[in-house]
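Open the model in your viewer and keep the selection panel at hand. The tour goes stop by stop.

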Amino acid sequence: MEYPKDLQCITNLFKQKFGTDFSHIELLPGAGSSRRYYRISCNGKNDVLACVGTNIEENESFIYFSSIFRENGINTPEVLAYNDTKEIYLISDLGKCDVLTAKKNLSDPEVIELYKRILSDLIQIQLCGANKIDFKHCFVREEFDRTAMRWDLYYFKYYYLKISGLEFNEQKLENDFNSLLDFLDKADRSFFMYRDFQSRNILLQDGKLGYIDFQGGMKGPLQYDVVSLLYQAKANLSEETRQLLLSYYITELQKHISVDEELFRNQFQGIVFIRILQTLGAYGFRGYIQRKEHFIQSIPQALQNLKAHTPIINKIVPMPYLSALIKELPELQI
């Protein structure tokens, strides 16, 4: 699909910024959002991307967050220029290879060392955000509070559970949702929560890590981004590797702040659960409703993760009715 209006606007912005025309422009494959990204070549160099997005508040969040992170030494794209409406902006290109792709060619020890580097960077992002970011610039919500958590649970309820055809009692399900929310509501939410911290949003070029797609960030608990990284269905990390990396993260975090490790780990398990539920809702919406094959392909692993994790969280927060539903939950298929 071509976007001629995009091309004219990008051409004008590029020439305004650099004083020259580009030689080639390529529309990149889309993922979950409606934003469109173009890779621009000029004089044989591929060092600029153009982003086209109609959600101005989302674009403004990206521009603001990136400026804060770059000022504090975190490798995020530099915003080079944007048009008057901020619907289109140019950013530095951090590379073509994401970590999910890169890890396919790495040995298990190399993957672990790479993820340790990522987790160390994550701590810097989370603490930098907590200290430097004005959360009034968040476009979705300022904080991952009880309301935002409930939205995630309802994403699963309406875009996976109901679509699956499995019959259920609304009130009994709501009772278990409330039990989980009561538990998670006690977590410290004073840090920057990247929101979608997974390997497709982390780039690896010439050994250097770069971070993108953080515009949905908000104030939230530390555990959420660690869960997003370690429990990404497509990454398919073993449980042994997850636990090793979680221990590494906690050890590194304790160099910066005080951590009650037992409480941290229990809350981590609760966030694993809500994150997998939210992810299944996203896969149901993007895959089953919007017919995007990539998301359908991710459902089996995510569902397996959910069924494996349910007994673990039930020892911390009993949710008998939801647990019984999950045992019967089928795979969505187109």
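Strands here are DSSP runs of at least two residues, numbered from the N terminus. By that numbering, Asp 213 falls in the loop between E8 and E9. Bear in mind throughout that this is a predicted model.

Stop 1: Select Asp 213. Its phi is near 60 degrees, a positive value in a residue other than glycine. Most residues other than glycine have a negative phi.

**Stop 2: the E4–E5 loop.** Now pick Lys 86, which lies between strand E4 (79–82) and strand E5 (88–92). Lys 86 is not a glycine, yet it has a positive phi of about 65 degrees.

Stop 3: Zoom in on Leu 27: it stands opposite Tyr 38 in E2.

**Stop 4: aromatic pairs.** Show the rings of Phe, Tyr and Trp. How many aromatic pairs does the count come to? The count is 22. Start with Phe 62 and Phe 214, a stacked pair: 4.9 Å centre to centre, with 10 degrees between the planes. This pair links distant parts of the chain, 152 residues apart. Phe 62 belongs to helix H2 (residues 56–71), while Phe 214 is in the loop between strand E8 (208–211) and strand E9 (218–220). Both Phe 62 and Phe 214 are buried.

Move on to Tyr 155 and Phe 285. Their ring centres are 6.4 Å apart and the planes stand at 45 degrees, so this pair is tilted. It too links distant parts of the chain: Tyr 155 sits in helix H5 (residues 146–164) and Phe 285 in helix H9 (residues 261–289), 130 residues apart. Tyr 155 and Phe 285 are both buried.

**Stop 5: the ring cluster.** Ring pairs link them into a cluster with other residues, including Tyr 64, Phe 65, Phe 69, Tyr 89, Phe 135 and Tyr 211.

**Stop 6: charges over rings.** Select Arg 242 with Tyr 231. The charged end of Arg 242 sits over the Tyr 231 ring, 4.1 Å from its centre. Finish at Arg 291, whose charged end sits over the ring of Tyr 288, 5.3 Å from the centre.

Technical notes
Residues are numbered from 1 along each chain as its sequence is written. This is a predicted model: local features need pLDDT of at least 70, side-chain atom pairs count only at pLDDT 80 or more; totals for chains, interfaces and linings use all residues. Side-chain values use heavy atoms; hydrogens and water are left out. Two strands pair if DSSP finds at least two bridges between them. Helices (H or I, at least four residues) and strands (E, at least two) are DSSP runs, numbered from the N terminus. Rings of Phe, Tyr and Trp (its six-membered ring) pair if their centres lie within 6.5 Å; planes under 30 degrees apart count as stacked, over 60 as edge-to-face and the rest as tilted. Buried means under 20% relative accessible area, exposed over 50%, partly exposed in between (1.4 Å probe, protein chains only). A charge sits over a ring if NZ of Lys or CZ of Arg is within 6 Å of the ring centre and within 35 degrees of the ring normal.
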